[in-house]
Amino acid sequence: MNVVTTVDPRDGRSRSTELTETGESRLHTIAGQASRAARWLSGLGRPGRAAMLDAIGESLEARRVQLVATAEAETGLSRARLDQEVTRAAVQFRMFGDVLRDGGYLEAMIDHAADTPLGPGPDLRRMLVPLGPVAVFGASNFPFAFSVAGGDTAS
């Protein structure tokens, strides 16, 4: 496996990481783990998932200094910009927690049985349900707001 290095855009110096490229067999393992995690998350129910999203928002804010310093070295973006992005990401995680608590995203519908011009209509009930895990490819120009710790992942 190739070790992943980053380049500090501020000074051009290469920085080592503990990351390695993901091979195909590891990718299959990760996909299986994601599938098991999706079932586990489903078991938490909406309140449990909402609480988890709130906790992620709190964790981002608690680790703000380290996150901003790392992102600054990897992206060359300003500390002020990155600090604001951490705030935005934390707010996004909490917002999606509120969405879970509200439940409106499920688009639950009930059409009660009734007589129609075509005869008796059935009682129909529907709602959106998750199909499983998704992959998020993060944007490096917004390392928090849209990337791994951003709204795409929170949703």
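User: In which strand is T17 found?

Analyst: This is a predicted model. T17 is found in strand β2, which covers residues 14-20.

User: What does T17 touch, not counting residues up to four places away in sequence?

Analyst: T17 touches V3, V4, T5 and T6. Take T6: T17 and T6 are eleven residues apart in sequence. Their C-alpha atoms are 7.4 Å apart in space.

User: Which residues make the contact of α2 with α3?

Analyst: From α2 come R64, V68, A69, A71, E72 and T75. From α3 come R79, L82, D83, V86 and T87. They divide into five nonpolar, two polar and four charged residues.

User: Why are α1 and α3 called roughly antiparallel?

Analyst: They pack at an angle of about 170°. The cut-off for roughly antiparallel is over 145 degrees. The angle of about 170° passes that cut-off, so α1 and α3 are roughly antiparallel to each other. Their axes are 8 Å apart.

User: Which residues of α1 and α3 meet?

Analyst: The residues in α1 include R46, A50, L53, I56 and L60. Among those in α3 are V86, A89, F93, F96 and L100. The contact of α1 with α3 divides into eleven nonpolar, two polar and eight charged residues.

User: Which residues have the most contacts inside the largest nonpolar core?

Analyst: They are L60, L82, V86, F93 and F144. This core has 14 residues. The helices α1, α2 and α3 each supply at least two of its residues. The largest share, five residues, comes from α3.

User: What does F144 touch beyond four places in sequence?

Analyst: Its contacts include L67, V68 and A71. L82, E85, V86 and A89 are also among them.

User: Why does A145 count as buried?

Analyst: Buried means under 20% relative accessible area. A145 has 0%, so A145 counts as buried. This residue is found in the loop between β6 (124-126) and α4 (151-154). A145 touches E85, R88, Q92, G150 and G151, leaving out residues up to four places away in sequence.

User: What makes E107 count as partly exposed?

Analyst: Exposed means over 50%, and buried means under 20%. E107 has 44% relative accessibility, which lies in between, so E107 counts as partly exposed.

User: Where does E107 lie, and what is its phi?

Analyst: E107 lies in the loop between α3 and β3 (109-111). Its phi is positive, about 50°, although E107 is not a glycine.

How values were computed. Residues are numbered from 1 along each chain as its sequence is written. This is a predicted model: local features need pLDDT of at least 70, side-chain atom pairs count only at pLDDT 80 or more; totals for chains, interfaces and linings use all residues. Side-chain values use heavy atoms; hydrogens and water are left out. Contact means heavy atoms within 4.5 Å. Helices (H or I, at least four residues) and strands (E, at least two) are DSSP runs, numbered from the N terminus. Ala, Val, Leu, Ile, Met, Phe, Trp, Tyr, Cys and Pro count as nonpolar, Asp, Glu, Lys and Arg as charged, and the others, Gly among them, as polar. A nonpolar core is a set of buried Ala, Val, Leu, Ile, Met, Phe, Trp, Tyr and Cys residues joined through side-chain atoms within 4.5 Å. Buried means under 20% relative accessible area, exposed over 50%, partly exposed in between (1.4 Å probe, protein chains only). Axes are lines fitted to C-alpha atoms, for helices over the stretch in contact, and angles run from 0 to 180 degrees between N-to-C directions. Angles under 35 degrees count as roughly parallel, over 145 as roughly antiparallel, 65 to 115 as roughly perpendicular and the rest as oblique.
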